[in-house]
Amino acid sequence: MNRPQIVERYIRMARIAGTVVECVCQPDLPLRLAEVLGQAGEPKIAAMSATGWPEGFRQSIEAIVVSSGFEVRMPCKDPGGYTWDIGGVEAASVGLVWCEHFLADTGSLVLATGQGRGGLSTLLPPISIVLSDATGCIEGLADYFQQIGQRLPSRLTLATGPSCTGDIEATMTRGVHGPQKVVHFILCD
Amino acid sequence: MKAPHNLRKACASALSDEVMCAAVGKMANILSFVRGAAAASYPGFEKLRDWGRDRKMEVSANLEFYARRFAGRLEAAGGVAHFARNGPEALKIVTSIAADLGAVSAVKSKSMTTEEISLNEALLDAGVAVTETDLGEFIIQLAGEKPSHIVAPAIHKNRAQVAQLFHEALGSEPGLGVEELVRVARRALRKRFLAADIGITGANFAVAQTGTIAMVTNEGNGRLTSALPPVQIVIVGIDKMIPELSDLPGFLTLLTRSATGQAISSYVTIITGPRRQGEEEGPRQLHVVLLDNGRTSLASGPFRQMLHCLHCGACMNNCPVYRTVGGHAYQSVYPGPMGDVLSPLLWGMEAYGDLPDACTLCGRCEEVCPMRIPLPDYHRKLREIREEAKGAPPGLKALAPALLAGHPLFYRAGLGIVRRILSRGSRLPSAILPAVAGEWTICRELPEPGQGRDFRSWWADRQKGPDRNGEKS
Ligand code: SF4
């Protein structure tokens, strides 16, 4: 499969799982992002991982978030230590992260921990906004493992769609523990 | 020791709960349908099953090697490995970790292995309040009940019952709908996640090569349990080993497609060691308790492949007995066909010797089992072992059907005799019938005798040509 086909497959699988996927070109991103942020409820607090973003990108995203009226909190208070701002992330109505790799076979986001980043902002707030570059799309988990060798992060999460349960009368309900809504912006040329 | 399981009584009482039976039957139906579709839509699924069985054969032949390798790699990644030969040892390890921490509360993500060793009870005795965080498990924990289905443990309760339960236990408004009930649970459980001293989870797979734990959930409670509390304890049966990281994708595919028909679960959490400095999630301490509890001895016996079980539930969703009576009738942590075999092997024939009888030998379970475990054969073997263990020569009543069915000559002769007896059924005192037909008549009607012919003579005639009624061969 060539790149556009792989991305297309990802989009199909992720939508089946309930993710809202959108391919945007960079100039359109501010507008689209502001629109999604506008739909998020109160309080206007956004959790954003400190690291893991492409060079200079975090600042431009933060600027859009702030101009949409949100206060930004960083889950990891001290990138060299163990202190978290759990209260801050817990209060947030949206969480934003950069996701380097995503898997076409299953429609999954690969969320890896590292210095200054991890899964809290895609786990605690009811809405997750995930940003990626189209070049980060790979076929499956096997390909991902091949890429990283045995250098595993302490936590690697494959997140596919929102959190869901069918435990009461087999009625599918979203957001039981994790996010109720997952929006994935894929930056394409 | 537990009182021996009484299959007939347990089934009778389970069947009297019609709401539960209907709900479990419906759930099993849905899941067996989606599993079929998921298997059919994945090219090479049958080959993948062969591969999975072979990889697990490799593991069950070298259980100790892989468990030790896993422990070494886990410790290299900063985790702590503990070996427990049996349930009591595992409980001691967990309660002493809790005592060292001065822990008072724990959150737990659904794990059958912890139920196998009754961990919740032990922690409660040690002063640690445990909250089950899978929504279904949380509901039945509040209600003080047992799971009726492996994937949907509280499926036997309807929304009105859950609303009443939450109203009484959590103080929510009465009469809430499903969506609102889920919100109530989210709020209540989130508080407990944030306050918990320990997160307890099981594992779906343990990768020996890297000391990695992998677990799947749809709700995300496994993710929260392993992300927020400062200490995580994983209880894992040593049968959960897989040799290498590159085995994980294949096993995940087999598990999720067989369990819920999904290409993947909403969340797969892959854990290698505790949180490292500056990271945004994970515990400061990661303990993994590697539980044997009879697994090593299983590995060297005739039921070795039982160790390959992924706990996917496909066998029960497709089992005619389970679909009829539901999970409660098994009165064991492990229900359905896998439980029929595993329960007597883990807890002894005295306690669960009659579970292998909860099987019609239809073979559906083996057909759908991702690991191709020969479940019907294992049921048969367990019945044989049980009968042999009874020692004394079995009475004619027990022997006769086996003998008659076991040899074509006996079978034909026996069939003739039975037909002749039955055709005079009206003249036989009804009290004699159970003696003749055995326990078969306790819950079934005897067929009307003497109408038509027996199959063998019908078939013989049919082979000769069109039969007298003009039916075409
Ligand atoms: S025995 Fe097979 S089908 Fe049944 S739960 Fe285990 S792996 Fe699944």
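Where does the ligand sit?

## The ligand site

The ligand sits in the largest cavity. A cavity is a set of points, on a 1 Å grid over the protein atoms alone, where a 1.4 Å probe fits but cannot get out; sitting there means that more than half of the ligand's atoms lie within 2 Å of its grid points.

Residues around the ligand (a heavy atom within 4 Å of it) include B:Cys309, B:His311, B:Cys312, B:Cys315, B:Met338 and B:Cys369. The shell has 10 nonpolar residues, two polar and no charged, with Cys counted as nonpolar and Gly as polar.

## Basis of the model

This is a predicted model, in which local features need pLDDT of at least 70 and side-chain atom pairs pLDDT 80 or more, while totals for chains, interfaces and linings use all residues. Residues are numbered from 1 along each chain, chains are lettered from A, and side-chain values use heavy atoms, without hydrogens and water.

## B:Pro337

B:Pro337 lies in helix α16 of chain B, residues 336–347 (a DSSP run of H or I, at least four residues). B:Pro337 counts as buried because its relative accessibility is 2%, and buried means under 20% (1.4 Å probe, protein chains only).

Beyond neighbours within four places in sequence, B:Pro337 is in contact (heavy atoms within 4.5 Å) with residues including B:Cys315, B:Cys365 and B:His379.

## The interface

Chain A brings 62 residues to the contact and chain B 64. A:Tyr82, A:Arg155 and A:His177 supply 17% of the area that chain A buries against chain B, where buried area is the accessible area (1.4 Å probe) lost on being put together, summed over both parts.

Terms used:
Helices (H or I, at least four residues) and strands (E, at least two) are DSSP runs, numbered from the N terminus. Buried means under 20% relative accessible area, exposed over 50%, partly exposed in between (1.4 Å probe, protein chains only). On a 1 Å grid over the protein atoms alone, a cavity is a set of points where a 1.4 Å probe fits but cannot get out, and a pocket is an open set with protein on both sides within 12 Å along at least five of seven lines; lining residues have an atom within 4 Å of a point. Buried area is the accessible area (1.4 Å probe) that two parts lose on being put together, summed over both.
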